[in-house]
Structure formats: C-alpha cells, structure tokens
Amino acid sequence: AVVSKKSKGNSLKLTGNFSLVEVHSWIGYCIPEVPDKCPSGDTITMFFQSTFLDTQLECNYKQGSVEFRSDNISTISILKDVITKLATQRKIAVNITYELCDESIPHSLRLIHPKLDEQLLLAKKVQLIDALKELAMHEPNLDFLSPEYKDIVQNAEQLQAAFKMQPCHLERLYGMITDLYIDKFKFKGLNVKSKVPMLLEVLDNYELETLIDFFEISAV
C-alpha cells in the first residue's frame, strides 16, 4: 500500500555509478508493488506501508543515489543486503552509509505485540476446552461458568480451527522478532545468533516490557 506520510527512524543511503533505471529495477526486485517501468523524472519518491505490521518505507532515488527511510530496522537490513548483492553482480561499487534509530526497536515490538498476544491467548483458551466441556457435561446449562469460560465452550470449534493455523502465525511473529534482534546488532558489527536461544526463552514467557528490556541489553 502506498502512503503519503513520511516514515521516520532508520535511514540507508547507497551511492555509486548506477543509472536511474538500474536502481529502479533493484528496488522492484525487493518490493513487488513497484511497477516494472521506471517512472519519468530525475528523482523518484515512493512510500510503502506494511499490510501486516503498518511499518513504513520511504524510497528516494535518482541516478547514482538511493536513500531509504523506515521505522523497521529489518526492512533497512534486507534492502542493504539485497541491493549490495545486485550491484556486486553488475560489478558496480556502491558506497553505503546508514543512521539507526534505537527507538524504532521498541516501536516495532509494540506493533508486533497485539498479534503475538492474540496468538498466545488463543493457545491458553484451547488448553481449557476439554476441561470446560467435561464440567459442562455434568450441568444442565452453562450459567455456572464465567462469561469468558462460557465463550470458550460455545466457540470451541472456531478456536480449535484457528489454533490449527497457529504454528505458521507464531513462526512468522517469532521470526520477525528474531530478525529484529539480529539486525539491530548486525549494524553494530556484532553477531548475536548465539543469543537467539535466550531470546526464545524470553518469548516462551512473553511479556512485552521484558522483551524490550532484553533488546536493550548489550550483546557483549
């Protein structure tokens, strides 16, 4: 989705001996929504918004220069890696500069939070279904249950159907959080992949502020 609002936060700039058409094709390789044909003009500006997280991306490019701004550090990391690789394949040297916004990390985690919280709550509800159904079998109606538990029994089939889809949803969310963690420290020249099991332990006992604190701790 194209948006008109400028995204703040992390920025990445690449300069080199490349044409406007070349850099447009590189951006199109990274972002499927970009039209195949390069727009007319000396300088092109495009805005995008993630349909999943609502994070934003601003692209400004012209012959010999492209600048990206995003509130998602992983977006910047992917663009840096992919465009550098594409330029290298064309034997084009690029100069890379970037500025990171530490505040963008908790911002992204807070955007992920409602989706992750929903999935974890779903798992807790499904775990209660059998026990609640067993209780309900011995009662004439469900009036003895709290509204929350009554809702779980009445919507058991829908909850179980949603739960069957949960592994892929949770995997996607955990993957985004892991990428954020790795990318944050990668830009600082640190490899924290050995710390990922500790991150997953934090996620197993998920609390948003605890997760934010984990990201704030130095990897050293």
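1. The axes of helix α3 (residues 104-137) and helix α4 (residues 147-154) cross at roughly 85 degrees and come within 9 Å. The two helices are therefore roughly perpendicular to each other. Axes here are lines fitted to C-alpha atoms, for helices over the stretch in contact, and angles run from 0 to 180 degrees between N-to-C directions. Angles under 35 degrees count as roughly parallel, over 145 as roughly antiparallel, 65 to 115 as roughly perpendicular and the rest as oblique.

2. On the α3 side, K125, L128, I129 and L132 meet Y149, I152 and V153 of α4. Six residues of this contact are nonpolar, none is polar and one is charged. Contact means heavy atoms within 4.5 Å. Ala, Val, Leu, Ile, Met, Phe, Trp, Tyr, Cys and Pro count as nonpolar, Asp, Glu, Lys and Arg as charged, and the others, Gly among them, as polar.

3. This is a predicted model, in which local features need pLDDT of at least 70 and side-chain atom pairs count only at pLDDT 80 or more, while totals for chains, interfaces and linings use all residues. Residues are numbered from 1 along each chain as its sequence is written, and side-chain values use heavy atoms, with hydrogens and water left out.

4. The chain has eight helices and five strands. Their order from the N terminus is β-α-β-β-β-α-β-α-α-α-α-α-α. Helices (H or I, at least four residues) and strands (E, at least two) are DSSP runs, numbered from the N terminus.

5. The five strands form an open sheet in the order β2-β3-β4-β1-β5, with antiparallel pairing. β2 and β5 (94-99) stand at the edges with a single partner strand each, so one side of each is left without a neighbour in the sheet. On average, neighbouring strands of this sheet are turned by 10 degrees against each other, direction ignored. Two strands pair if DSSP finds at least two bridges between them.

6. Strand β2 (residues 43-49) runs antiparallel to strand β3 (residues 56-62), and seven bridges join them. T43 has K62 in β3 as its bridge partner. Six residues lie between the strands of this hairpin, where D54 takes a positive phi near 70 degrees.

7. Six bridges pair strand β1 (residues 10-16) with strand β4 (residues 65-70) in the antiparallel sense. Opposite S11 stands R69 in β4.

8. Two helices are placed against these strands. Helix α1 (residues 20-30) lies across β2, β3 and β4 and runs at about 160 degrees to β3. α2 packs on the sheet and touches β1, β3, β4 and β5, its direction making about 10 degrees with that of β1.

9. Buried means under 20% relative accessible area, exposed over 50%, partly exposed in between (1.4 Å probe, protein chains only). Apart from its neighbours within four places in sequence, L86 is in contact with W26 and Y29. The C-alpha atoms of L86 and S25 are separated by 9.8 Å, although these residues are 61 apart along the chain.

10. The radius of gyration of the chain is 23 Å, whereas a compact globule of 220 residues would have one near 17 Å. The radius is taken over C-alpha atoms, and the globule rule is 2.2 Å times the number of residues to the power 0.38. Along the principal axes, the C-alpha atoms fill a box of roughly 80 × 45 × 30 Å. Of the 220 residues, 40% are buried.
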